[in-house]
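Take a look at the model below.

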Amino acid sequence: MAKVADIVNAMSVITGGRTVSSMEEVKSGNHPFVIMKSSGIYGKEVLEIPGLIYGNPNKEVKKIAVCMTMTELVIELAGATGVDAVVAHHPIADAASCGGVTLKNYLDLYDVAGLECHEAFHGLHPGIPFLHGHKVEKGSISYGGVHGNIMFVGRALPGVATLGDILDRLDGFMALDQDRTLLAEERLVRGIEEIRETSVETRGFIHLGERDSHVERVLHIFPHTGFSPENLRQAVAENPGVDTVLASISRVYAGHELIETARELGLNFLVGNCHVMEILENGLPLAYALGELLEGVEVVLFRDRVTSTPVRRVGNEAMQAYAREMSASHLLGKHALSET
């Protein structure tokens, strides 16, 4: 029977030893993938710890869930479906990953172990560039000396000659036809045409260039990691022949300085998959690897689906009446502090 400790060992194999073996290793301050993430917002930093975050290493494991970000939705689904351990890609933190309460209490309630990997997993496989139609020639996971600032330079794969080819390739690999069909059915069932859904709304698009614009050498960036216009100028100077900037996981919108810099440099600028697709890009390969290394353990993928619905169209009349009553009777200035 597999145990939580076996998941930790499997993650070490998968990452080539990048995970931690104990909290003593974390506290030593010497592990390159134990990273404090902070943007300077007071009290909101988090320490990334690739490995076991919470749980008994000797706990028996029959079922594992791989997710992108642990939330209370993930913990509830894990508890309801007999999951023994959740392996999250992103860092796990008190309150943020557990519905505003302490993580220990919530995970203990359903006897679920929590593990994470994030930066320790990045750069291990060429799947994201492959999905976006290019083969990596060189790359960095700390470009410009900034840990986590990932950048790839690649050459277009056979059959990928234009920006349109990249967009069509992504549409096919990510099965966006299924998401479009699912959204159409949800709108029909709920009778709400205004519902919008993340996967459909955030599909790839072109900022600079046309569908038939030629692509040969690609600079693949991830804007949310801090990739700057200065990084862009430096990367293009270091890699003559780059004709296309490709942004994925996160994207930029019209007017962003990265787009204007690419325009100055005479480059195409294409937006690819956004963060919602990383559960397939990185989560699915991780889940497959865990399944291969942990014999007899069932591995499932937890995939988020987020929709946007006009407030006054949500639910049924009973739910609308409830919301109106709670708002009118209790929330509209009813709790103002009295002056004494």
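Which exposed residues does the face of α4 turned away from its buried side carry? They are Asn105 and Leu109. Here, buried means under 20% relative accessible area, exposed means over 50%, and partly exposed lies in between (1.4 Å probe, protein chains only).

A word on the source. This is a predicted model, in which local features need pLDDT of at least 70 and side-chain atom pairs count only at pLDDT 80 or more, while totals for chains, interfaces and linings use all residues. Residues are numbered from 1 along each chain as its sequence is written, and side-chain values use heavy atoms, with hydrogens and water left out.

**Helix α4**

Helix α4 spans residues 103-110. Helices (H or I, at least four residues) and strands (E, at least two) are DSSP runs, numbered from the N terminus. Leu103, Tyr106 and Leu107 are buried in α4. Seen down the helix axis, the buried residues of α4 fall within an arc of 90 degrees, so they line one face. That arc is taken from the directions from the helix axis to the C-beta atoms. What covers them? The cover for the buried residues of α4 includes β3 (51-54), α3 (72-80) and β6 (113-116).

**Aspartate 111 and its partner**

Just after α4 comes aspartate 111, with a positive phi of about 55 degrees. Aspartate 111 also forms a salt bridge with lysine 59. A salt bridge is a side-chain nitrogen of Lys or Arg within 4 Å of a carboxyl oxygen of Asp or Glu. Aspartate 111 sits in the loop between α4 and β6, and lysine 59 in the loop between β3 and β4, so the pair ties together parts that are 52 residues apart in sequence. Buried or partly exposed? Aspartate 111 is partly exposed, at 47% relative accessible area. Lysine 59 is buried, at 13%.

How many salt bridges does a search of the whole structure find? The count is 19. The table gives three of them.

| Pair | Closest N to O distance |
|---|---|
| Aspartate 111 and lysine 59 | 3.1 Å |
| Arginine 187 and glutamate 193 | 3.6 Å |

The pair of glutamate 186 and arginine 305 links distant parts of the chain, 119 residues apart. Glutamate 186 is in helix α7. Arginine 305 is in the loop between β14 (298-301) and β15 (307-308). Glutamate 186 counts as buried, at 14% relative accessibility, and arginine 305 as partly exposed, at 36%. Glutamate 193, the partner of arginine 187, is exposed at 58%. Elsewhere, salt bridges that share partners join Glu137, Arg155, Glu216 and Arg217 into one network.

**The nonpolar cores**

In soluble globular proteins, nonpolar side chains tend to be buried together. A nonpolar core is a set of buried Ala, Val, Leu, Ile, Met, Phe, Trp, Tyr and Cys residues joined through side-chain atoms within 4.5 Å. The largest core here has 22 residues. Ile7, Val87, Leu115, Leu286 and Leu290 have the most contacts inside it. At least two residues each come from α1 (4-15), β4 (63-67), β5 (85-88), β6 and α11 (278-293). Helix α1 gives the most, with six residues.

Now zoom in on leucine 290. Leaving aside neighbours within four places in sequence, leucine 290 is in contact (heavy atoms within 4.5 Å) with Ile7, Ala10, Met11, Ile14, Val66, Val87 and Val299. A second, separate core has 20 residues, including Val153, Phe227, Ala262 and Val271.

**Positive phi angles**

Most residues other than glycine have a negative phi. Alanine 175 has a positive phi, near 55 degrees. Alanine 175 lies in the loop between α6 (163-173) and α7 (176-190). This alanine 175 is buried, at 19% relative accessible area. Isoleucine 249 is not a glycine either, yet has a positive phi of about 65 degrees. Isoleucine 249 belongs to strand β12 (residues 244-249). At 5% relative accessible area, isoleucine 249 is buried.

**An exposed proline**

Proline 32 is in the loop between α2 (23-27) and β1 (35-37). Proline 32 is exposed, at 53% relative accessibility. Valine 20 is twelve residues from proline 32 in sequence and 10.0 Å away in space, C-alpha to C-alpha.
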